[in-house]
Amino acid sequence: MSTVEGTLLAHVTHTDDTHSLLAKASGECLVRIEWFRPAEFHFTDDTGREVGTAGAEHFIKTWQLTLGTEQGRRLLLTRRGHLSTEWQLTETDPHRSPAPEVLGRVTASTHDAWIGLQQYVVETAPGLDVSERRTVIASVVCLHLLRRPPGSSSA
């Protein structure tokens, strides 16, 4: 993970098909991600304390992840449409009326189609605290895992 300018902020290591580690560029652990099939994830800190969750109702064609933050706040990361490459971060379902405040967005693009490399741009509102932003960033790793599971034909 990097800034728009290309400065490395963090990297993801997949230790096996169910465990990933999101670490700062310095190597310091930000969050461990454990994947419970079919589409449930738990985030823990380096002491093993749960600091967030993410889950989806459907493994295939995931259109919404429900996030749980360390403070118990529930957030939704919802894809705008079946072919959309953008997900909106809200507290309530964006498909219901009235439309909720958008707290952030994640946009995916293909960086290298040959090897299946995806780029995700994450934008969050200033009102999210550090632990909530950490949960959102970890959920992007989950989105990627759901879209391109370990062992699939693409990287």
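This is a predicted model: local features need pLDDT of at least 70, side-chain atom pairs count only at pLDDT 80 or more; totals for chains, interfaces and linings use all residues.
Trainee: Let's pick one residue. Which side chain does Arg49 meet at 3.2 Å?
Mentor: That would be Asp45, in a salt bridge, with the 3.2 Å taken from N to O.

Trainee: What about Arg49 and Glu70, how do their side chains meet?
Mentor: Through a salt bridge, 2.4 Å from N to O. This pair links distant parts of the chain, 21 residues apart. Arg49 sits in the loop between strand S4 (40-44) and strand S5 (50-55), and Glu70 is in the loop between strand S6 (64-69) and strand S7 (74-79).

Trainee: Why would side chains pair up like that in general?
Mentor: Side chains with opposite charges can pair when their charged atoms come close.

Trainee: Back to Glu70. How accessible is Glu70?
Mentor: Glu70 has 31% relative accessibility, so it counts as partly exposed.

Trainee: Which residue has its side chain in a salt bridge with Glu70 at 2.8 Å?
Mentor: Arg134, again going from N to O. Arg134 lies in helix H1 (residues 130-147) and Glu70 in the loop between S6 and S7, so this bridge ties together parts that are 64 residues apart in sequence. Arg134 counts as partly exposed, with 23% relative accessibility.

Trainee: So which residues end up in one network?
Mentor: Asp45, Arg49, Glu70 and Arg134, joined by salt bridges that share partners.

Trainee: Tell me about H1. How far apart are its end C-alpha atoms?
Mentor: They are 26 Å apart. H1 has 18 residues, and at 1.5 Å a residue it should span 26 Å, so the two values agree.

Trainee: Is H1 mostly covered or mostly open?
Mentor: Mostly covered, with 13 of its 18 residues buried.

Trainee: New topic, cysteines. How many disulfides does a search of the whole structure find?
Mentor: The search comes back with 0 disulfides.

Trainee: And are Cys29 and Cys142 buried or exposed?
Mentor: Cys29 counts as buried at 18% relative accessibility.

Trainee: What about aromatics, how many pairs does the structure hold?
Mentor: It holds 1 aromatic pair. Trp35 and Phe41 form it, and they are stacked, 5.3 Å centre to centre with 25 degrees between the planes.

Trainee: Are Trp35 and Phe41 buried or exposed?
Mentor: Trp35 counts as buried at 4% relative accessibility, and Phe41 is buried with a relative accessible area of 0%.

Trainee: Last one. Where does Gln88 lie?
Mentor: Gln88 lies in strand S8 (residues 86-90). Gln88 is buried, with a relative accessible area of 12%.

Trainee: Which residues is Gln88 in contact with, leaving aside its neighbours within four places in sequence?
Mentor: Its contacts are Leu76, Leu77, Thr78, Arg80, Pro94, Val102, Gly104 and Arg105.

Key
Residues are numbered from 1 along each chain as its sequence is written. Side-chain values use heavy atoms; hydrogens and water are left out. A salt bridge is a side-chain nitrogen of Lys or Arg within 4 Å of a carboxyl oxygen of Asp or Glu. Helices (H or I, at least four residues) and strands (E, at least two) are DSSP runs, numbered from the N terminus. Buried means under 20% relative accessible area, exposed over 50%, partly exposed in between (1.4 Å probe, protein chains only). The expected span of a helix is 1.5 Å times one less than its number of residues. A disulfide is a pair of cysteine sulfur atoms within 2.5 Å. Contact means heavy atoms within 4.5 Å. Rings of Phe, Tyr and Trp (its six-membered ring) pair if their centres lie within 6.5 Å; planes under 30 degrees apart count as stacked, over 60 as edge-to-face and the rest as tilted.
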